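Have the viewer open as you read.

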Amino acid sequence: MKTKKVVIGAMTAALLSLTFSAIPVTLAAGETVQISVGSDEATPGGEFSVDVMLTDIPSAGIQACDFAIQFDSSLITVTSVSAGALTETGASEADPTSSIVPVFDSYVMNDEGYVCLTWSTSLDDSQYWLQGSGVLCTVTGTVSDSAVSGTEVALELVALSDSGTINAGYMSGTSAVRYDVSTADGAITIASEETDPTETGTYLYGDANLDGEVNITDAVCILSYVSNTEKYPLDAIALDISDVNQRGDGLSNMDALAVQKLISQQLAALPES
């Protein structure tokens with residue numbers, strides 16, 4: 001990975017030596033922390049937001065961890081990374097080194113398709129370490145205007161350091177204790193852009209409220225109009241496409257019933273007659 005990513009990894013390593021290149025390393029047998037990235041759906045040009053979670057953190061806690069999220073930069077752009085509730089351990093206020101190296105740090109490299117994430121503290125007191133389960137951070141961004149609907153953009157968890165290992169652990173004396181890490185990748189699914197039927201001129205029979213769907217709300221709209229046309233008016237288009245029983249005879253309770261028959265699959269399509 002490129003320069004900035006290596007620099008961030010080096011800062012974490014310098015603080016806690018969790019790259020384990022020059023100190024003894026102990027693997028915490030049977031203790032695994034899971035890191036996962038959420039998934040979201042967004043239209044071309046739209047926005048997305050996913051949480052990065054750490055779950056089942058072993059009881060000793062995490063003094064430092066580092067990893068990155070890899071993505072296709074031609075399809076999405078990351079605009080911000082905000083720290084989550086899991087990071088609120090008090091370490092930022094208590095750690096004297098936090099003014100030099102932030103306890104939680106991130107760096108976005110959109111050109112290369114990476115978000116680099118680190119959390120570390122020089123404090124030996126585990127009450128300031130990551131504990132339990134929760135949101136480490138939230139990543140937000142935008143989808144390319146040219147993205148094709150139906151495309152799935154992988155959000156892949158990868159190692160930050162050149163060792164190829166996602167680090168999560170703590171210092172114990174002069175040795176580093178490292179947990180096993182399991183990962184669950186996320187994805188951004190490119191959805192079809194929603195269209196306003198009133199703009200396209202395409203309408204569905206029975207869609208009394210013109211929202212592009214036929215459901216129980218439309219039956220209620222028809223019944224409300226029939227009971228009080230002044231209080232619950234419908235425009236000319238809504239009146240026309242709501243007349244689904246004996247078309248041409250105007251709206252009645254029978255039109256609302258026809259809509260309900262469609263919803264309950266007693267009718268295959270509208271109009272009824």
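## Salt bridges

Asp-240 is partly exposed, at 41% relative accessibility (partly exposed lies between buried, under 20% relative accessible area, and exposed, over 50%, with a 1.4 Å probe and protein chains only). Its partner in a salt bridge is Arg-247, with the closest N and O atoms 2.8 Å apart; Arg-247 is partly exposed at 32%. A salt bridge here means a side-chain nitrogen of Lys or Arg within 4 Å of a carboxyl oxygen of Asp or Glu, and the count by this rule is two.

Lys-261 and Glu-272 form a salt bridge too, at 3.0 Å from N to O. Lys-261 belongs to helix α6 (residues 253-263) and Glu-272 to the segment after α6, so this pair ties together parts eleven residues apart in sequence. Helices are DSSP runs (H or I, at least four residues), strands are E runs of at least two, and both are numbered from the N terminus.

## About the model

This is a predicted model, where local features need pLDDT of at least 70, side-chain atom pairs count only at pLDDT 80 or more, and totals for chains, interfaces and linings use all residues. Residues are numbered from 1 along each chain as its sequence is written, and side-chain values use heavy atoms, leaving out hydrogens and water.

## Aromatic rings

The whole structure has two aromatic pairs (ring centres of Phe, Tyr or Trp, the last by its six-membered ring, within 6.5 Å; planes under 30 degrees apart are stacked, over 60 edge-to-face, the rest tilted). Tyr-170 and Tyr-179 have centres 5.9 Å apart and planes at 50°, so they are tilted.
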